[in-house]
Amino acid sequence: MKVGYLGPKATFTNIAVNNMFPKEEAIAFLTIPNCLDAVLEEKVDVALVPVENTLEGSVNITLDYLIHEVNLPIKGEITVPIKQHLMIHPIHMEHFDKMEVVYSHSHAIAQCHKYLHSEWNGIRCENTTSTAAAAQFIKEHPEVMGAAIGNELTAKEYGLTIIKRNIHDYDNNHTRFLILANKRIEFHSPSCDLQGYKTTMMVTLPADRFGALHQVLSAFAWRKLNLVRIESRPTKTGLGNYYFIIDLDRKIDDVLIPGAIAELEAVGCKVQVLGSYPAYAIND
Ligand SMILES: O=C(O)C(=O)Cc1ccccc1
């Protein structure tokens, strides 16, 4: 099986793939949309992409691409602990305090805001397509007085020297990755534990009706269906128009969830189930 992931080699997404699909062929793509397109174009069987981080929240491009561009069911999720390190090209070790710019994925930079503010106040931050893309850039441009933020595997892969470990601002830093595919996926990973099941749905409210969101929530509440996440994203049709992405902490069944969906549709909502799937986490 071929697994597409947000690359290049040694991203956090690559770590998620190594844990979830240790025996499969991993194929790197430069962007999240490229990973998802690759499934539709049958270049890969499955894609792994980041969707949510403890410190920074949703990865909007993942949600938006799934909502607006590709119709791909969610087959699973994997949660990965995230530790961010500051790394430089080894030729700059003698004068690492002269760094002028920090490169990384926007989420990685956001996870280290407090550290950058206090230790590198005012330093220029440049976004890259991934943490490993930042490290690769630093490796290939020794003339740049720059540092990258990324994980330990990244530092090894690109031959960079870590000058400060664990620079993420809060300890409980985790990222959830979605596993998307058009076919049935088997999971048997010794390094991941099954945490439970989830059902994700996208709900569009009827236009401009008072209490509509309350009606949505009450359809779940009186059935004792537990929402573990609710996220809004613009429909892109006008200011104030949003989709709600809702995660429930259980598998889809024949009665309760279909009942809630029927109730939502009866009050004028549109509902699309994006997936009902197992949730894994890397075991500690
Ligand atoms: O850039 C990476 O390494 C990714 O896999 C995306 C990401 C960025 C920051 C935290 C978690 C995942």
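Start with the spacing: the centres of domain 1 and domain 2 are 24 Å apart, taken over C-alpha atoms. This is a predicted model, so local features need pLDDT of at least 70, side-chain atom pairs count only at pLDDT 80 or more, and totals for chains, interfaces and linings use all residues. Residues are numbered from 1 along each chain as its sequence is written.

**Stop 1: colour the domains.** Select domain 1 (2-81 + 173-193), domain 2 (85-164) and domain 3 (196-277). These bounds come from an automatic or database domain assignment. Now look at where domain 1 meets domain 2. The contact takes 15 residues from domain 1 and 13 residues from domain 2. Two residues are in contact if their C-beta atoms, placed from the backbone, lie within 7 Å. On the domain 1 side, eight residues are nonpolar, five polar and two charged. Here Ala, Val, Leu, Ile, Met, Phe, Trp, Tyr, Cys and Pro count as nonpolar, Asp, Glu, Lys and Arg as charged, and the others, Gly among them, as polar.

**Stop 2: the ligand.** Which residues are closest to the ligand? Select Thr11, Phe12, Thr13, Ser130 and Thr131. They belong to a shell of 14 residues around the ligand. The shell holds six nonpolar residues, eight polar and no charged. Next show α1 (12-20), β3 (46-53), α4 (106-111) and α6 (131-140), which each supply at least two shell residues. Helices (H or I, at least four residues) and strands (E, at least two) are DSSP runs, numbered from the N terminus. Why does the ligand lie between two domains? Domain 1 and domain 2 both give residues to its shell, so it lies between them.

**Stop 3: a sheet.** Five strands form an open, mixed sheet in the order β8-β7-β9-β6-β10. Strands pair if DSSP finds at least two bridges between them. From one strand to the next, the twist averages 35°. Zoom in on β6 (residues 85-88) and β9 (residues 146-150): they run antiparallel, joined by four bridges. Ile88 stands opposite Ala147 in β9. Axes are lines fitted to C-alpha atoms, for helices over the stretch in contact, and angles run from 0 to 180 degrees between N-to-C directions.

**Stop 4: two backbone details.** Go to Gly7 and Pro8, joined by a cis peptide bond with omega of about 5°. Pro8 sits in the loop between β1 (2-6) and α1. Then select Glu42, in the loop between α2 (32-40) and β3. Glu42 is not a glycine, yet its phi is positive, about 60°.

**Stop 5: the record.** Select residues 201-278, annotated "domain: ACT" in an unreviewed UniProt entry. UniProt positions are given in the numbering used here, feature names are shortened, and annotations may be inferred rather than shown by experiment. This span is 27% helix and 36% strand, and its end C-alpha atoms lie 15 Å apart.

How values were computed. A residue is near a molecule or strand if its C-beta atom, placed from the backbone, lies within 6 Å of it.
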